[in-house]
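Work through the following exercises with the sequence and the model at hand, trying each task before reading its solution.

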Amino acid sequence: MRSKIFVRVVCGLIVLLCPPAFAQGILADDPVRVLVGRLDLERYKATIKGLTEFGDRRQGTDRNRAAIDWIEGRLKSFGCTNTERIKYVYNPPPPQSQTQPARASSPVIASGEIRTGSGGSRMRGITAPTGVNNNPEAQPDVKLRELNSQPSAPGPREEVYCTKIGATRPDEMYIISAHMDGIGWGEAVDDNGSGTALIIELARVLNSPDVRTERSIRFALWNNEETGLHGARAYVAQRAALQGIEDPPGSGRYPEPKWLGMVQHDMVLFDHGMPRAGGTLSPEQRPEADVNVEFQSTAKFADQAMRLAFFFRDANEKYATDYPAAVGHHMTNTDSTPFMDLVPAISVRENERGMQIGAGWSPHWHQPTDRYSAYSDKDFRLGLNAAQTTLAAIAQLTGAALKK
Ligand SMILES: [Zn+2]
């Protein structure tokens, strides 16, 4: 009895060491394969397209609030009916500290020096300038410019999440998430309609009536990422201390199951490679494009996060259809950061944030061109492969099975 309790405690703490038996090999009726097969490119694209109806979804605007309502409606329609909202207040810093550099045009070509990037990364080769477009006139589409015209107002904010309750371990959960706000006067399609749609699609598959999981899964769509992770920070501040508490006592209900891992998705479409010497990029997704899973080597839970990241890479190798996954150790500038000293936390992206996105590998990042029409099926397919990767990993980690 004592050793049984011990095993359970160890498995609870280090869930990666005790994967469900079916993770070891792929069987003909492998439930993970069945679930991954329920994702498809056209549905994923349609969900992204649905989000473009709300323009750039800038935080503190009516279009942002309407997008939250729409997302909540989608979650509910897929059976994730227990939606809840985090409420917090966001007051921006004075305008002078908000000024962003305009996007410059000339690339920098390395000459052997060490150039550091964010998160502990090192920039390599040719880097193109990055920046945030704050100029409405840079959006040539008059209709979209008008849709994006209401400015952000300080004050109350909301963000939505819902939870699939685990059948035998309702008190433990994985959080899978994306930020739903955007900037730049486009449609915020890659950043971050792509991650938001990924979470909505996973909510659809995992909340299907014939799917059972042992552990709980929370689907969270953060707001205010673009202002400095304020939505994710509010969640951590309000809910970290509630973990694992049964409320009311004896009810079997856990409003905040214990966090086993946190997985953030942010920009999952575009991997066209390094900028060229002239500052342009390949118009096509590069054939060797990959999904980048990152943890932060300085985090308190770095070792466990590293194991989680490689578990995702493994899940990708077994189940993703087209593109591989790579693991990096410089996770930065994303909503998993506020979690990383409390729980194993990773991010899933189209490129590494520090040395690639930060080096100008996406010409649409925070720009008016971040629109649905800017991406091809090869781009959307990279996002689909990111979805397959997370679905396969989380299905295994939570013990997903199909009801007979
Ligand atoms: Zn983003």
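**Exercise 1.** Locate S336 relative to the strands, decide whether S336 is buried or exposed, and list its contacts.

*Solution.* S336 is found in the loop between β12 and β13 (345–349), where strands (E, at least two residues) and helices (H or I, at least four residues) are DSSP runs numbered from the N terminus. The model is a predicted one, in which local features need pLDDT of at least 70 and side-chain atom pairs count only at pLDDT 80 or more, while totals for chains, interfaces and linings use all residues. Residues are numbered from 1 along each chain as its sequence is written, and side-chain values use heavy atoms, with hydrogens and water left out. The relative accessible area of S336 is 0%, so S336 is buried (buried means under 20%, exposed over 50%, partly exposed in between, with a 1.4 Å probe and protein chains only). Not counting residues up to four places away in sequence, S336 touches M262, Q264, M331, A345, I346 and S347, a contact being heavy atoms within 4.5 Å.

**Exercise 2.** Describe the surroundings of V348.

*Solution.* Begin with the element: V348 belongs to strand β13. Its relative accessibility is 0%, and therefore V348 counts as buried. Leaving out residues up to four places away in sequence, its contacts include V263, Q264, H265, V291, N292 and F312. As for distance, V348 and A309 are 39 residues apart along the chain, and their C-alpha atoms are separated by 9.1 Å.

**Exercise 3.** Determine in which sense β11 and β12 pair, and follow the chain from one to the other.

*Solution.* Strand β11 (residues 291–294) pairs with strand β12 (residues 325–328) in the parallel sense, over four bridges; DSSP must find at least two bridges for a pair. One of the positions involved is V291, whose bridge partner in β12 is A325.

**Exercise 4.** Find which residues of helix α7 are buried and which strands they pack against.

*Solution.* In α7 (residues 230–239), the buried residues are G231, A232, A234, Y235, V236 and R239. These buried residues pack against β1 (84–90), β6 (155–164), β7 (169–179), β9 (215–222) and β10 (258–265).

Note on methods:
A crossover is right-handed if, with the strands pointing away from the viewer, the path from the first strand over the helix to the second runs clockwise.
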